[in-house]
Amino acid sequence: QVRLVESGGGSVQAGDSLRLSCTGMNSTRTCMAWFRQVPGKQREGVANIAKGGTTSYADSVKGRFTISKDNTNNVLYLEMTSLQPEDTAIYYCAADSSRWFVCRDQEDEYASWGQGTQVTVSS
């Protein structure tokens, strides 16, 4: 099955920015999303983007993160600014959803997943 690949993670200081990329999806014409997970905690939806570009964000990242996509090259992005220590987590991308226009942070709606990329933010 399709395996996505995340890149762009790393260790940064609070206030810094990072841009995550995700490739390998069959199409960017369905819902795509970013999730994150802290060891021992449940995976959390961060942001999602619909076929037409409509976006949605978790309250914890709203105003700081931006999800976008490149339909031509099949790339999903997550631009993260003003990073804080509480943003530290493994970030996963998800794609190839059965939904197109109304996207949700529902893990089972995404057919393709990456292995995750670590983001560590220190104060």
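Two rings of Phe, Tyr or Trp (for Trp, its six-membered ring) count as an aromatic pair if their centres lie within 6.5 Å. By this rule the structure, which is a predicted model, has four aromatic pairs.

**View 1. Phe35 and Tyr110 form an edge-to-face aromatic pair.**
The ring centres of Phe35 and Tyr110 are 6.1 Å apart. Their planes meet at 80 degrees, so the pair is edge-to-face. Phe35 belongs to strand S4 and Tyr110 to strand S10, so this contact ties together parts that are 75 residues apart in sequence. Phe35 has a relative accessible area of 1%, so it is buried. Tyr110 is buried as well, because its relative accessible area is 5%.

**View 2. Phe35 also pairs with Trp113.**
The centres of these two rings, Phe35 and Trp113, lie 5.0 Å apart, and the angle between the planes is 45 degrees, which makes the pair tilted. Trp113 is in strand S10 and Phe35 in strand S4, so the pair ties together parts that are 78 residues apart in sequence. Is Trp113 buried or exposed? Its relative accessibility is 17%, so Trp113 counts as buried. Taken together, Phe35, Tyr110 and Trp113 make up one aromatic cluster.

**View 3. Strand S5 pairs with strand S4 and with strand S6.**
Strand S5 covers residues 44–49, and five of its six residues are buried. With strand S4 (residues 32–37), S5 pairs in the antiparallel sense over five bridges. With strand S6 (residues 55–57), S5 is joined by three bridges, and these two strands also run antiparallel. Asn48 can be followed across the strands: it is the bridge partner of Ala33, and its own bridge partner in S6 is Ser56. As a rule, side chains in a regular strand alternate between the two faces of the sheet.

**View 4. Arg36, Glu44, Arg64 and Asp87 are linked in a network of salt bridges.**
The whole structure has seven salt bridges. One of them joins Arg36 to Glu44, with the closest N and O atoms 3.0 Å apart. Arg36 is buried because its relative accessible area is 6%, while Glu44, at 33%, is partly exposed.
Arg36 forms a salt bridge with Asp87 too, at 3.0 Å from N to O. Asp87 lies in the loop between strand S8 (75–80) and S9, and Arg36 lies in strand S4, so the pair ties together parts that are 51 residues apart in sequence. Both Asp87 and Arg36 are buried.
A further salt bridge connects Asp87 with Arg64, at 2.7 Å from N to O. Arg64 is in the loop between S6 and strand S7 (65–70), and Asp87 is in the loop between S8 and S9, so the parts tied together are 23 residues apart in sequence. The relative accessible area of Asp87 is 1%, so Asp87 is buried. Arg64 has a value of 17%, so it is buried too.

**View 5. Trp100, Phe101 and Val102 form a nonpolar patch on the surface.**
Together these three residues have about 370 Å² of accessible area. Phe101 is found in the loop between strand S9 (89–97) and strand S10 (110–114). Why does Phe101 count as exposed? Its relative accessibility is 58%, and the cut-off for an exposed residue is over 50%.

Technical notes:
Residues are numbered from 1 along each chain as its sequence is written. This is a predicted model: local features need pLDDT of at least 70, side-chain atom pairs count only at pLDDT 80 or more; totals for chains, interfaces and linings use all residues. Side-chain values use heavy atoms; hydrogens and water are left out. Patches are made of residues with over 30% relative accessible area and no salt bridge: like charges are joined within 9 Å, nonpolar side chains (Val, Leu, Ile, Met, Phe, Trp, Tyr) within 5 Å. Accessible areas come from the Shrake-Rupley method with a 1.4 Å probe; for residues, only the protein chains shown count as cover. A salt bridge is a side-chain nitrogen of Lys or Arg within 4 Å of a carboxyl oxygen of Asp or Glu. Helices (H or I, at least four residues) and strands (E, at least two) are DSSP runs, numbered from the N terminus. Buried means under 20% relative accessible area, exposed over 50%, partly exposed in between (1.4 Å probe, protein chains only). Two strands pair if DSSP finds at least two bridges between them. Rings of Phe, Tyr and Trp (its six-membered ring) pair if their centres lie within 6.5 Å; planes under 30 degrees apart count as stacked, over 60 as edge-to-face and the rest as tilted.
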